[in-house]
Amino acid sequence: MCGIVGVIGNRNATDILMQGLEKLEYRGYDSAGIFVTNEAGKSKLVKSVGRIEDLRDKLGIDVSGTAGIGHTRWATHGKPSVENAHPHTSASERFVLVHNGVIENFREIQAEYLSTDDFKGQTDTEIAVHLIGKFVEEDGLSVLEAFKKALSIIEGSYAFALMDTENPDMIYVAKNKSPLLIGLGEGYNMVCSDAMAMIRETSEFMEIHDKELVLVTKDNIAITDYQGNPINRASYTAELDLSDIGKGTYPFYMLKEIDEQPTVMRKLITTYANEDGSMKVAPEIVKAVQEADRIYVIAAGTSYNAGFGAKMMLEALTQTPVELGVASEWGYGMPLLSKKPFFIFLSQSGETADSRQVLVKVNELGLPSLTVTNVPGSTLSREATYTMLIGAGPEIAVASTKAYTGQIATLAFLAKAVGEADGLQAAYDFDLVKELSLVAQSIEATLSEKEMIAELVKKLLLETRNAFYIGRKQDYFVSMEASLKLKEISYVQCEGFAAGELKHGTISLIEKGVPVIALLSDPTVAAHTRGNIMEVVARGASTIVIAEESVSKPEDDIIVSNVHPYLSAISMVIPTQIIAYETSMQRGLDVDKPRNLAKAVTVE
Ligand code: F6R
């Protein structure tokens with residue numbers, strides 16, 4: 001959360017910072033700011049509440065420079081306001097700092113070192129920059145020594161980019177837990193929260209690891225550990241396609257990403273299957289899963305729901321029990337593990353702090369792990385034993401769609417590869433290439449029903465304050481994801497419920513007009529779910545029935561074409577994505593950037 005960008009040695013610094021912030025806006029968008037300075041030493045700090053376009057409006061024409069730092073914020077300490085927006089300055093305003101993360105001991109630091117200082121806002125970041133300023137201006141340390149001393153005191157997560165207005169030809173950088181990368185240009189260098197935001201300027205990058213300090217000048221990058229030992233690190237070229245991060249002809253990223261799902265499914269077939277239909281999954285990953293007596297899937301939000309969507313298939317094809325762990329809970333209390341656990345981390349961004357803290361523990365225990373992610377080179381990918389990429393292309397809308405379906409499909413290749421390696425007939429019988437092609441077709445068929453779905457939304461979801469999704473077995477797991485999607489972008493309070501559980505208490509919330517959306521794809525439980533639909537209708541609910549063809553009735557509202565039961569969490573979620581998108585659109589909300597949210601959740 002929060003996006004950082006910095007550049008040094010480029011005449012278009014302001015433009016680069018602003019473009020970078022626009023690309024980073026998915027990380028937080030409640031306020032933003034930039035600090036720019038030119039060769040004559042003239043500098044300017046501009047901050048604004050709201051989106052990057054609001055900051056652009058405030059910039060004016062005289063903000064040009066050759067170096068600077070910028071920030072887009074997702075508030076943790078202090079409400080969104082100009083005072084709390086970054087960059088923050090030291091007491092004398094000599095030092096300027098942007099920060100992503102949470103400083104856990106900021107109150108203690110304030111009490112011990114800065115009790116007489118006045119602060120403009122309430123952020124932990126302002127404490128950090130005051131601390132650095134104090135060490136230089138009151139205690140006589142060099143800037144580097146002061147930065148190091150501050151880093152030795154600060155506890156928590158951070159990516160810092162610091163500038164000294166008296167010596168603006170260097171950016172001081174350090175990170176712990178929060179992501180940050182160096183971008184290498186011709187005669188200039190950059191620092192940024194992610195590669196995508198720098199790709200217009202460079203495709204050459206250098207990683208920074210936790211507890212490393214980097215001095216960035218226009219023609220040099222010097223990395224050391226906190227003790228000052230130099231670290232040599234090779235740069236790498238990232239093959240990122242700038243066109244992937246545009247909206248094309250779409251009004252919103254979310255719609256583009258929903259529509260991309262058939263392509264994602266087909267691309268996964270070429271990534272993970274050979275032409276003869278055999279699996280192309282790295283043998284060492286297959287072997288590691290084969291050796292496990294239990295698979296632990298750790299994730300957050302939509303990725304957690306994707307784990308449930310894949311659970312039944314993973315268990316059936318590998319004959320290994322699968323346990324789901326919600327990352328923000330497991331980081332603080334790992335349950336009793338099996339004797340030979342294997343961990344799978346599901347994460348679109350590969351940067352989720354909650355998931356990472358579990359991975360850190362897993363690594364401390366020396367246990368094997370796999371990250372299934374959409375972002376090559378991301379923290380969770382680098383730190384896990386193995387990685388499988390979803391390859392869905394950048395997902396920019398805050399609400400995750402193609403990553404969810406891509407994660408389940410990727411796990412299908414893993415499950416089949418493991419099952420075949422174990423000689424399990426069920427794995428051989430599951431013709432994944434054929435079945436996933438059918439899923440792609442099923443998605444296309446549902447996508448062609450958008451207008452009809454929009455009409456249903458208009459009738460049932462436009463005014464309501466709350467709603468329910470219900471389903472059994474796989475459809476219950478899909479209802480969890482469906483309700484999360486509706487909540488996050490339309491602000492309708494929605495619960496995903498096991499259809500049979502409703503009558504054990506929650507049915508008391510059903511009254512006239514409450515929308516209940518039922519999902520039915522499994523013939524073994526469809527009749528029971530239909531019974532539950534009757535129960536809520538009898539109490540006044542307005543229903544939408546989404547049924548797979550195999551179990552559908554003529555009066556059902558949305559029919560989803562048949563797919564293999566292992567993959568129904570993919571096909572059944574598509575109408576619910578469209579429902580969420582349409583509800584948000586019709587309510588006039590910001591589909592891609594819902595309030596209070598951010599795409600990469602890099603704080604615990
Ligand atoms: C919901 C959503 C979030 C993320 C969650 C985990 O649409 O996007 O719930 O799924 O924050 O993020 P990743 O998958 O990047 O670890």
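## Basis of the description

Helices (H or I, at least four residues) and strands (E, at least two) are DSSP runs, numbered from the N terminus. This is a predicted model, in which local features need pLDDT of at least 70 and side-chain atom pairs count only at pLDDT 80 or more, whereas totals for chains, interfaces and linings use all residues. Residues are numbered from 1 along each chain as its sequence is written, and side-chain values use heavy atoms, with hydrogens and water left out.

Seven strands form an open antiparallel sheet in the order β5-β6-β7-β8-β12-β13-β14; two strands pair if DSSP finds at least two bridges between them. Its edges are β5 (88–89) and β14 (230–231), each of which pairs on one side only. Strands β12 (residues 212–216) and β13 (residues 221–225) run antiparallel and are joined by five bridges. Within this pair, Leu215 has Ala222 of β13 as its bridge partner.

Helix α4 (residues 124–137) lies across β5, β6 (95–103) and β7 (156–164), and runs at about 135 degrees to β6. Axes are lines fitted to C-alpha atoms, for helices over the stretch in contact (heavy atoms within 4.5 Å), and angles run from 0 to 180 degrees between N-to-C directions.

## The largest cavity

Two cavities of 30 Å³ or more are found in a search of the whole structure. On a 1 Å grid over the protein atoms alone, a cavity is a set of points where a 1.4 Å probe fits but cannot get out, and a pocket is an open set with protein on both sides within 12 Å along at least five of seven lines; lining residues have an atom within 4 Å of a point. Grid points are joined across faces, edges and corners, and a volume is the space filled by probe spheres set on the points.

The largest cavity has a volume of about 90 Å³. Of its 15 lining residues, Cys2, Trp74, Thr76, His86 and Gly101 are the closest to its centre. Both β6 and α4 supply at least two residues of this lining, and β6 gives the most, with three residues.

## The second largest pocket

The second largest pocket holds about 520 Å³ of space. It is lined by 24 residues, of which Ala300, Gly301, Thr302, Lys599 and Val601 are the closest to its centre. At least two lining residues come from each of α9 (301–318), β18 (341–347), α11 (353–364) and α17 (474–490); α9 gives the most, with three residues.

## Helix α20

Helix α20 (residues 573–586) is largely enclosed by the rest of the structure, because 12 of its 14 residues are buried, that is, under 20% relative accessible area (1.4 Å probe, protein chains only). Among them are Val573, Tyr581 and Glu582. Just after α20, Gly588 takes a positive phi of about 75 degrees.

Notes
Buried means under 20% relative accessible area, exposed over 50%, partly exposed in between (1.4 Å probe, protein chains only).
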